[in-house]
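Hi,

Here is the structure I promised to pass on. Please look it over, then read my notes below.

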Amino acid sequence: MTKIEAIFGGVLLLAIVAAASFAVFQNGLPTIGSPGAKLLKDDGAANPAVFTGAYRDDMCTCYESGYQYGAEHGNKIDNPDYSIDNSVHYKAGFTTCRTAVGFEGSTAWSDGWSKGEEGLRTQRRCNFYLKSLNIK
């Protein structure tokens, strides 16, 4: 193999690794919590049946649900009913997570909601949140 082939092979390998990394971070890592389960119904009523009783899974359910609803319902300036102070979705999720998981659950919900409002796609999944708390 000549040097030029080795160089182009290395560049191609780097391009493939970069594309795969982009795809993983763009779509997020696989979820840990209850997959497909919705913590809140569209009317803002809570669904506490999504909690498994496993601390880590329930924390992820709170964080990822908070992210989802924060992205959908948070920061809507044209509708003051959706501000963080008045939103039925925020209050219902916060209360449900606090009841099911404790203080840490309500914090996970709030942090997820904030990240969803900001649109930080790389922090959409719970793995990043748990890592910031040093929970493995």
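A disulfide here is a pair of cysteine sulfur atoms within 2.5 Å. This is a predicted model: local features need pLDDT of at least 70, side-chain atom pairs count only at pLDDT 80 or more, and totals for chains, interfaces and linings use all residues. Residues are numbered from 1 along each chain as its sequence is written, and side-chain values use heavy atoms, with hydrogens and water left out.

Disulfides

The structure holds 2 disulfides. One joins cysteine 60 to cysteine 126, with an S to S distance of 2.2 Å. The angle about that S-S bond is -75 degrees, and the link is left-handed. Cysteine 60 sits in helix H2 and cysteine 126 in helix H5 (residues 126-132), so this pair ties together parts that are 66 residues apart in sequence. Helices are DSSP runs of H or I with at least four residues, strands are E runs of at least two, and both are numbered from the N terminus. Both cysteine 60 and cysteine 126 are buried. Buried means under 20% relative accessible area, exposed over 50%, and partly exposed in between (1.4 Å probe, protein chains only).

Cysteine 62 and cysteine 97 form a disulfide too, with sulfur atoms 2.2 Å apart. The torsion about their S-S bond is about -115 degrees, so this disulfide is left-handed. It links distant parts of the chain: cysteine 62 in helix H2 and cysteine 97 in helix H3, 35 residues apart. Cysteine 62 and cysteine 97 are buried. With the bonded cysteines numbered in sequence order, the pairing is 1-4, 2-3.

Fold

The protein chain has 5 helices and 0 strands. Of its 136 residues, 32% are buried. Contact means heavy atoms within 4.5 Å. Among contacts with a separation of 6 or more, 72% are between residues 24 or more positions apart.

Helix H3

H3 covers residues 88-101. Its buried residues are His89, Tyr90, Ala92, Gly93, Thr96, Cys97 and Val101. They pack against H2 and helix H4 (103-118). Just after H3, glycine 102 takes a positive phi of about 100 degrees.

Tyrosine 55

Where does tyrosine 55 lie? It is in helix H2 (residues 55-73). Tyrosine 55 is partly exposed, with a relative accessible area of 39%. Leaving aside neighbours within four places in sequence, tyrosine 55 contacts Val101, Glu104 and Ile135. Its C-alpha is 9.4 Å from that of alanine 100, 45 residues away along the chain.

Best wishes

Definitions and conventions. Expected span 1.5 Å × (residues − 1).
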